[in-house]
Amino acid sequence: MITRLLVANRGEIARRIFATCRALGVATVAVHSDADADAPFVAEADLAVRLPGSTPAETYLRVDLVLDAARRTGADAVHPGYGFLAENAEFAAAVTDAGLTWVGPPAKAIAAMGDKVAAKALLADAGVPMLPTWTEHDEITDFPVLVKASAGGGGRGMRVVADPAGLAEAVASARREAAAAFGDGTVFVERYVERGRHVEVQVFGDTHGTVVALGERDCSIQRRHQKIVEEAPAVLPDGVRQRLHAAAVAAARAVGYVGAGTVEFLLAPDGRFFFLEMNTRLQVEHPVTEAVTGLDLVRLQLLVAEGGPLPLAATPPTDGHAVEVRLCAEDPARDHRPATGVLHRFAVPQVAGEFGPTKGLRLDSGVADGSTVGVHYDSMLAKLVAWAPTRAEATRLLAGALARAELHGVTTNRDLLVRVLRSPAFAAAEVDTGFLDRHPDVFAPLLPAGELPLAALAAALASAAARRATATVLAGLPSGWRNVPAFPQVTRYAGPDGGEIEVRYRLDRTGALADCAASSGDHSLPPSVVLVAAAPDRVTLDVDGVRRAYSVHRVKSQVFVDGPDGAASLTELPRFPLPTAELAAGSLLAPLPGAVARVHVEVGQRVAAGDLLLTLEAMKLEHPVLAPADGVVAELPVPAGSQVDTGAVLAVVTTPEETAS
C-alpha cells in the first residue's frame, strides 16, 4: 500500500494529485526548481526537495535527481503527472528498478506508444483505423500534411504544411521544438484532415485483465494545435460513440495497458475516425470525465498501482455535461504569444470545489495571488470546469464565471475563451480543429473600445478617493475639487492596446461629479455620466440612467478595472515624463523573455515582408520573428544562444524610404 507519494511534476497537476492523496491519507512529496520555490504546490506538500536550477532540463527532466529526492524523503511511490517525464519509459523502469511503486502504465506500454510511428503499425494490426503516415519526407505527395513530434504532445513540434515548399523548414523547426520540450527531436508526417474533430477516449486498465472506456471528450477547439476548450461527453453522430470506445479498448489491450490512458482520434466530417496517438498518462482535460462520471481518476490510478482491481467492469453511465477551458498567460496584442509577469490577483467567483469531482464550477490552478509567471514552463495558469445537467447550462455557467474573474497582472486568453463559449457556432456544437480560423470574431476583446473611457474614468475617480482617504490637509474636501472650474483634474492612461486615454474631471464641494470628459481614440464618454459612489476599490456610475459598478485594483502605476462588460488593464502615465532613448526605425523587439534559438539572416541581407529573421524560444515554444516589410537587415545585436528580456532589440530592418531619409 502506498504511504508516501512523490509527484515528479509541478503546478496545478501536482496540486491535483496532492488533493486526492490528502483525502486518502497518503503523505506527499514535491520536487521543485528554483523558479518554483514559492509556488503553491510546494507549500501544499508534506515534504519538498529542491532541484537546483530553473530550466526543465536542469530540474524536472533529471531522472537521477527525482529518484534521489524519493530516496531522501522515504517516498515509496512516484506519480509523474503529465508532461516532463510522464511518458518516459526509461523513467518508469528506473522507478520500479529502485523498488518504488510506479503510478502509471508499464514501461513496456509507454515505450510501445511513445514511438508514435511504431505505435501506428502495432495498432493497425489490431484493427484500429489509421491515417497515411510518412517518415521519409521525400515520399510525401499528398498535401496538406501535419508534422508531429514522436515523443510528446500538447501541440509542441507540430506544424501544418500546405505544399512541398514549406516542408523542410517545418520539419526542422518541429524537431527543435520537440527536442526542447521532450528531449527527443524525432518527428513524422501524416495526412492533414480538413475540418476534422479531435475526439479522445479515456481508458483504464488494471493488472487483473480489465480494460474499460470511461467515456469520450471533444477537444477540437485548439490554438496552435494546443487544446483550449474540452467537453464531455462529445456530441457525436449515431453509432460513432460505441465504435470509438471499442477501438480505444482494442488499442489499450494490444499493448497490455494498465492505469489511466487516453486514445486520441481524428473524426472526419463523414463520420469516419482515425487513430492519432495514445497518451500513456493522465490528461490535462481529465476533470470533464470526472465531472460526468463522478469518478476520481487519481484515486483509481493509486488503486491500480497498488495492484487492486478496478471497481467497474464496463463504461459507466454519464450524468449531465461538463466543459473545461485552459486559462493561459497569453498576450492578445501579440498574437496570443505566451506572457510573463506577476499575477497580482487571481479570483474566480462561484467556485464549488477544487482538484476533484465537483458539481457546478471546479477550479484547478497552479497559481495564486502574487505568483510569478516565468519563461521556463508551460503558459497554462489554471483549468476552469463547469458541470450542469445540460451542455447549454454548463457553457453559460462557465462563460459567466470566467467573464467575472479578476485576473490582474498577467494578460490571459480569458476574453478569447468567453467569446468561444458564447459563440452561436459553439452553442450549435459546430466545432472542429479549424474553429478559430473560421471565427476570427472570437478574438475581439470583451470590453468594447467605446467602453474604455468609462473604465478610465472609474480608475481616475478611485485613485482620487484613495488619495482623499489618506489626506491629512483639507480632508473634508473631495480630491479633484477645484474652486476655479476652468482647471479640471487630468489623468492620462496607456490603454490595453497601447493607445492613450485622457480623463478630465471636476468634483463639487459635495463630492458629486460636476464635470467630466474622457477620450480614447475616436471614443468618448456618453452624454450623461453621474457619480453615484467612489471608494478606492469600487466606483459606481450612472450612465444614461443605467447604474454600472466597477471594481478597481491599483498596483503602483497599473490600474485594473473590472466592469459589467469586461476588464481593462490601464497604466497611469506620469504627468511629467522623463525623456527616453529613441529606437532606431525598423527595430524589432522581443515580445517576451526568452533565448534566441537561431538567426536566419545576416547583416546587409535583403529581406521581403514576412521573411523569417530569428527564432525566439520561450515557454517551450518557438516564436518566429518576421520582417515587417521589404528592406535590408541593418543590425543583429543578439547572436544565437543569447538570453533576452521583453523589449530587447532583436533586429533592425531598414526600408528603402528610411534609407533615403
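**Close-up views of a predicted model**

Figure 1. The structure is a predicted model, in which local features need pLDDT of at least 70 and side-chain atom pairs count only at pLDDT 80 or more, while totals for chains, interfaces and linings use all residues. Residues are numbered from 1 along each chain as its sequence is written, and side-chain values use heavy atoms, with hydrogens and water left out. The largest cavity holds about 60 Å³ of space; a volume is the space filled by probe spheres set on the grid points, which are joined across faces, edges and corners. Its lining, meaning residues with an atom within 4 Å of a point, consists of L447, E451, A455, R548, Y550, V561, G563, P564, D565, G566, A567 and A568. Strand 31 (546-555), strand 32 and strand 33 each supply at least two residues of this lining, and strand 33 gives the most, with 3 residues. Helices (H or I, at least four residues) and strands (E, at least two) are DSSP runs numbered from the N terminus. By class, 7 nonpolar, 2 polar and 3 charged residues line the largest cavity. Ala, Val, Leu, Ile, Met, Phe, Trp, Tyr, Cys and Pro count as nonpolar, Asp, Glu, Lys and Arg as charged, and the others, Gly among them, as polar.

**Figure 2. The second largest pocket.** A pocket is an open set of points with protein on both sides within 12 Å along at least five of seven lines. The second largest pocket has a volume of about 1200 Å³. Of the 47 residues that line this pocket, D331, P332, T411, P496 and S569 are the closest to its centre. At least two lining residues come from each of strand 24 (406-408), helix 12 (414-421), strand 32 (558-563) and strand 33 (566-572). The lining of the second largest pocket comprises 24 nonpolar, 16 polar and 7 charged residues.

**Figure 3. The buried side of helix 6.** In helix 6 (residues 116-125), the residues K116, A119, K120 and L123 are buried, a term for under 20% relative accessible area, with exposed meaning over 50% and partly exposed in between (1.4 Å probe, protein chains only). These residues cover an arc of only 105 degrees around the axis, which puts them on the same side of helix 6; the arc is that of the directions from the helix axis to the C-beta atoms. The elements that cover the buried residues of helix 6 include helix 5 (107-114), strand 7 (145-149), helix 8 (240-254) and strand 14 (273-279). Just after helix 6, G127 takes a positive phi of about 90 degrees.

Figure 4. A search of the whole structure finds 0 disulfides, a disulfide being a pair of cysteine sulfur atoms within 2.5 Å. The sulfur of C219 lies 14 Å from the closest cysteine sulfur, in C328, too far for a bond. C219 is buried, at a relative accessible area of 0%. C21 likewise counts as buried, with 0% relative accessibility.

Figure 5. N279 is found in strand 14 and counts as buried at 1% relative accessibility. Leaving aside neighbours within four places in sequence, N279 is in contact (heavy atoms within 4.5 Å) with E87, Y257, G261, T262 and E264. A352 lies in the loop between strand 19 (345-347) and strand 20 (353-354) and counts as exposed at 54% relative accessibility. Not counting residues up to four places away in sequence, A352 touches T358, K359 and L361. The C-alpha atoms of A352 and R362, 10 residues apart along the chain, are separated by 5.9 Å.

Figure 6. Most residues other than glycine have a negative phi, and most peptide bonds are trans. The peptide bond from A232 to P233 is cis, with omega near -5 degrees; P233 lies in the loop between strand 12 (226-232) and helix 8. R195, in the loop between strand 9 and strand 10 (197-205), has a positive phi near 55 degrees. Phi of H336 is also positive, near 55 degrees. H336 lies in the loop between strand 16 (330-331) and strand 17 (337-338) and counts as buried at 4% relative accessibility.

Terms used
On a 1 Å grid over the protein atoms alone, a cavity is a set of points where a 1.4 Å probe fits but cannot get out, and a pocket is an open set with protein on both sides within 12 Å along at least five of seven lines; lining residues have an atom within 4 Å of a point.
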